[in-house]
Amino acid sequence: MFPSAIEDFLLKTYGYWTKVEELNGVNEGKGTSCFRLFFGEKSFIVKKAKEKREYDVYNAISPFFKNKKVSIPLVYYTYRDETDHWFVIEDIPHLFPKDRWKGDTEQLKVLFNLHFNTWNKTLSIDKPFDFRWSKGLTKRALSLFPSTLEVAIEQLRLKSEAIFLPFCYISGDPNPTNWGIRNNGELVLFDWERIGYATPAIDLAITIPSLGTLDKSLEFNIASTYISFWKGVSIEFPYSIQELTEQIVIAKMWSALDFLVNNADTLEEDLLKLHITRLNEKFKVEYPGII
Ligand SMILES: Nc1ncnc2c1ncn2[C@@H]1O[C@H](COP(=O)(O)OP(=O)(O)O)[C@@H](O)[C@H]1O
Ligand SMILES: [Mg+2]
């Protein structure tokens, strides 16, 4: 199941494991690559990543992150061969509770720590995730949505250019299921498969469950809490609360559209339909004049 280097490490360090749980992310269709291994009372996470970038985070960047209070799981072992990248990391015991899925201050602070400390900097990450309006997105979106959305989708594409500017590193996927809580209450972000350069709006949008709020109140609260962290630091944040709020809305719509287009084949049909209906409604609210 694991490469022998990983097995050897586990056996030598913790002994034999007594139980294995397979952990699935959002898209079960894509297969399992994350495991929780139990050794008596203790447990550890073993994950295999296709891309090198998450391995780079755990292998090379974790001391920098720790230093800058970007809290990620502790790293016990990393290994790679020609095709795969493996790491053994801390099992974060508690889920991020649902009542905190709405602009949590500690969560936004972790993201601020990441953005501020990598602003205009490069880290040694092999192939950062490429945030963009991908080639073919418009065409594939139009095969899922009614043609009445054509102009609105093009407007969203134009507006989205601003959120892809390479200002800093972003997690790329700080959705609520990618956070856990330690026994001492600390909030920790895992799943670094999409780390790359872009603007904070993308991370902020992805912390919001589903499509956000129609009156943008949650987006506004997140923008204002987040911007408050930039007061009194050495770098000036380039956008107002209002501008960031709008960017969060744009980023949310882009990421929802991108997700649907990329997962249309594997999502359950009723669920796909529901997502399409909801996003269609969101477009109608955001682009009332042209739909
Ligand atoms: N370090 C960890 N501590 C606790 N749970 C974890 C940890 N890493 C992953 N998980 C669990 O496994 C699931 C899938 O892992 P994740 O790294 O998010 O991969 P995926 O790319 O499949 O989303 C997570 O949603 C979470 O429930
Ligand atoms: Mg995940």
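## The magnesium site

Donors here are N, O and S atoms within 2.8 Å of the metal (3.2 Å for Na, K and Ca); water is not among the atoms, so sites may look incomplete. In this predicted model, local features need pLDDT of at least 70 and side-chain atom pairs count only at pLDDT 80 or more, while totals for chains, interfaces and linings use all residues. Side-chain values use heavy atoms, with hydrogens and water left out.

With that in hand, let's look at the magnesium ion (ligand 2): its protein donors are Asn-178 (OD1) and Asp-191 (OD), 2.1 to 2.2 Å away. Asn-178 sits in the loop between β7 (168-170) and β8 (179-181) and Asp-191 in the loop between β9 (187-189) and β10 (196-198), so the pair ties together parts that are 13 residues apart in sequence. Helices (H or I, at least four residues) and strands (E, at least two) are DSSP runs, numbered from the N terminus. Both Asn-178 and Asp-191 are buried, meaning under 20% relative accessible area, with exposed being over 50% and partly exposed in between (1.4 Å probe, protein chains only). Asp-191 also forms a salt bridge with Lys-47, the closest N and O atoms being 3.5 Å apart; the term asks for a side-chain nitrogen of Lys or Arg within 4 Å of a carboxyl oxygen of Asp or Glu.

## Two domains

The protein chain is divided into domain 1 (4-91) and domain 2 (95-290), with bounds from an automatic or database domain assignment. Their C-alpha centres lie 26 Å apart. Across the boundary, 22 residues of domain 1 are in contact (heavy atoms within 4.5 Å) with 25 residues of domain 2, and the count of salt bridges between the domains is four.

## Nonpolar cores

A nonpolar core is a set of buried Ala, Val, Leu, Ile, Met, Phe, Trp, Tyr and Cys residues joined through side-chain atoms within 4.5 Å. The largest one has 77 residues, of which Phe-65, Trp-192, Ile-202, Leu-244, Ile-248 and Phe-283 touch the most other members. Helix α8 (residues 241-263) gives the most to this core, eleven residues, and each of domain 1 and domain 2 supplies at least three. A second, separate core of eleven residues includes Leu-10, Phe-44, Val-46 and Val-88.

## Positive phi

Most residues other than glycine have a negative phi. Lys-69, not a glycine, has a positive phi of about 60°; Lys-69 lies in the loop between α2 (52-67) and β4 (75-80) and is exposed, with a relative accessible area of 64%.

Note on methods:
Residues numbered from 1 in each chain as written. Chains lettered and ligands numbered in written order.
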